[in-house]
Amino acid sequence: MKSIFCRTIRRFLIPALFIMVLIYTAAHAAEIPPLEGLELARKGFAGMTDFTAEITQEKQIALLKKTQTSSGQVRFRRPDTFYMEVYSPYASRLLLKDNILTMLLPTEGIRQKTVLPPEEGLRHWFSLFDRPVTRLPAGVELRADRRGDTVTLRIIPTGKKGVKELRITLFDDGRPRRLTIEEQNRDRTVITFHRVRKNVGLAEMDFRIE
Amino acid sequence: MNIRVQGTTYDEVLLSAVCQMETMISKSNKYQFAPCAMILCVIFLLTMGCASIPKEQVPFRSGAMLETVAAMVTISIKSPQVNTGGHGYMVYKRPDSFHMVMLTPFGTTALETYSSDDRLTIVIPSKGVAYAGAFADMPDDSPLRGWRMIRLMAVDEPLFDPMKKGTSEKISKESGGITSFYDAQGLLERKKFSSGEEVFFRDYQSVEGVPFPGVIEFTDRNGSRVKITFDEPEINKPLEDTALTPNVEGITILPLANFKGI
């Protein structure tokens with residue numbers, strides 16, 4: 001009798017309890033004050049000089065009722081250089097050097113260069129991460145939650161322009177895990193980062209667009 | 001273990017393999033063959049992803065019309081002043097309604113255009129601004145100047161007519177003459193307008209019998225060239241009118257003549 005009881009506990013109750021705890025913790029990530037979330041992200045990012053990652057991009061197109069999946073890679077180096085490549089069939093390359101944006105469509109042989117206003121440049125944005133965050137950015141609602149070793153920031157612009165919600169999940173050492181962009185037209189893009197490596201010593205030659 | 005697979009189509013190959021597996025399992029200890037069965041299943045699942053047997057194309061239907069199109073697109077716009085383009089998606093409804101969305105590399109919407117008849121609306125969601133007006137209002141230095149040729153894609157005739165193979169046909173309209181050129185099969189391959197524009201239809205595929213060009217290219221006498229490459233087209237599926245009407249709620253509308261770029 002005792003043996004059956006023990007076996008039942010071992011076989012069913014303990015795994016059930018374990019699963020319940022897992023589900024509970026997964027579903028109930030702790031919501032934290034948005035400033036604390038921003039500060040956690042900032043601190044995590046402070047120790048990072050560069051990173052590389054492979055990405056999977058899933059674009060859900062509401063109008064066509066279909067999902068387009070692409071893969072590619074990204075590279076970032078402080079203070080102001082970002083490179084993103086999306087592989088075929090929708091191949092594109094993008095290089096953002098502070099506020100100079102260069103895009104290349106290799107198959108079509110199209111290269112475009114755009115100069116953004118300085119306040120939209122990478123250097124400006126990342127300089128905000130150089131000092132502790134004391135107030136929330138204007139024009140957005142911000143929510144944050146913490147789950148295990150990740151922090152998720154939900155940025156909800158207050159206006160009705162383009163992006164409805166931007167959600168970024170970072171590991172506590174600053175490495176990106178997932179970026180979700182929801183648009184007003186009900187389109188949704190999820191970029192998942194894989195094999196993220198930080199502080200690999202990226203050089204200028206790693207940011208050549210062709 | 002030597003498995004001999006027979007059959008000419010993928011279904012026959014699969015059926016043959018399953019039958020042989022069943023025979024082996026019934027003759028022997030099923031637990032002993034379970035790993036073999038699993039390995040076979042995995043092999044078949046993997047080969048399904050790279051099946052070498054091509055999908056049979058439905059022959060072109062003579063007289064089939066393009067009523068609606070929904071497809072992923074890659075667009076390039078080249079002119080002496082501009083060299084631009086990108087990836088996105090498009091819907092079209094006969095006779096001449098278009099909605100095209102260009103995406104950023106991050107997958108978000110960079111720009112949307114809606115056009116019908118001679119009207120064009122360009123929406124830039126990130127700025128909360130739309131530009132509306134007649135195609136003719138578009139400034140000459142606009143990067144989308146060549147986009148006015150999209151109207152020429154509206155073909156109000158079948159793209160395939162075996163009776164017309166290898167011929168050219170001139171149609172007179174109020175706007176001037178249009179000459180259509182058909183290839184040896186009877187597929188429309190080019191249209192030439194007396195105003196100097198030309199439209200080329202290439203890489204035809206049969207979408208459930210409806211001939212659809214995988215590439216459409218427009219040129220004009222000013223040296224502008226617009227190329228649209230279609231991917232995964234869905235042809236003649238129901239399309240709601242809302243898909244072709246701009247939602248300008250909360251958007252500032254400016255004259256099209258003010259549009260200089262994104």
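So, what covers the buried residues of helix H2 in chain A? Among the elements doing it are strands E1, E3, E8, E9 and E10, plus helix H3. Keep in mind that this is a predicted model.

The residues being covered are A:Gly37, A:Leu38, A:Glu39, A:Ala41, A:Arg42, A:Gly44 and A:Phe45. Look at the spacing there. An α-helix has 3.6 residues a turn, so residues three or four places apart point the same way.

Zooming out a bit: chain A has three helices and 12 strands. Of its 210 residues, 39% come out as buried. And if you take contacts with a separation of 6 or more, 45% are between residues 24 or more positions apart.

Okay, on to chain B. The two chains bury about 2,500 Å² between them, with 61% of that on carbon and sulfur atoms. On the chain A side, A:Leu63, A:Leu64 and A:Tyr90 supply 24% of the area buried against chain B, more than any other three residues. The contact takes 29 residues from chain A and 32 from chain B.

How many salt bridges between chain A and chain B? The count is one: A:Lys66 with B:Glu232, closest N and O atoms 3.2 Å apart. Polar contacts across the interface come to 15 residue pairs. As for which parts of chain A touch chain B, strands E2, E3, E4, E5, E6, E7, E11 and E12 each supply at least two residues.

How values were computed: Residues numbered from 1 in each chain as written. Chains lettered and ligands numbered in written order. Predicted model: local features only at pLDDT ≥ 70, side-chain atom pairs only at ≥ 80, totals over all residues. Heavy atoms only, no water. Helix = DSSP H or I, 4+ residues; strand = E, 2+ residues; numbered from the N terminus. Buried < 20%, exposed > 50% of the residue type's maximum accessible area, 1.4 Å probe, protein only. Contact = heavy atoms within 4.5 Å. Buried area = accessible area lost by both parts, 1.4 Å probe. Salt bridge = Lys/Arg side-chain N within 4 Å of Asp/Glu carboxyl O. Polar contact = N/O pair within 3.5 Å; in protein donor to acceptor, adjacent residues only side chain to side chain.
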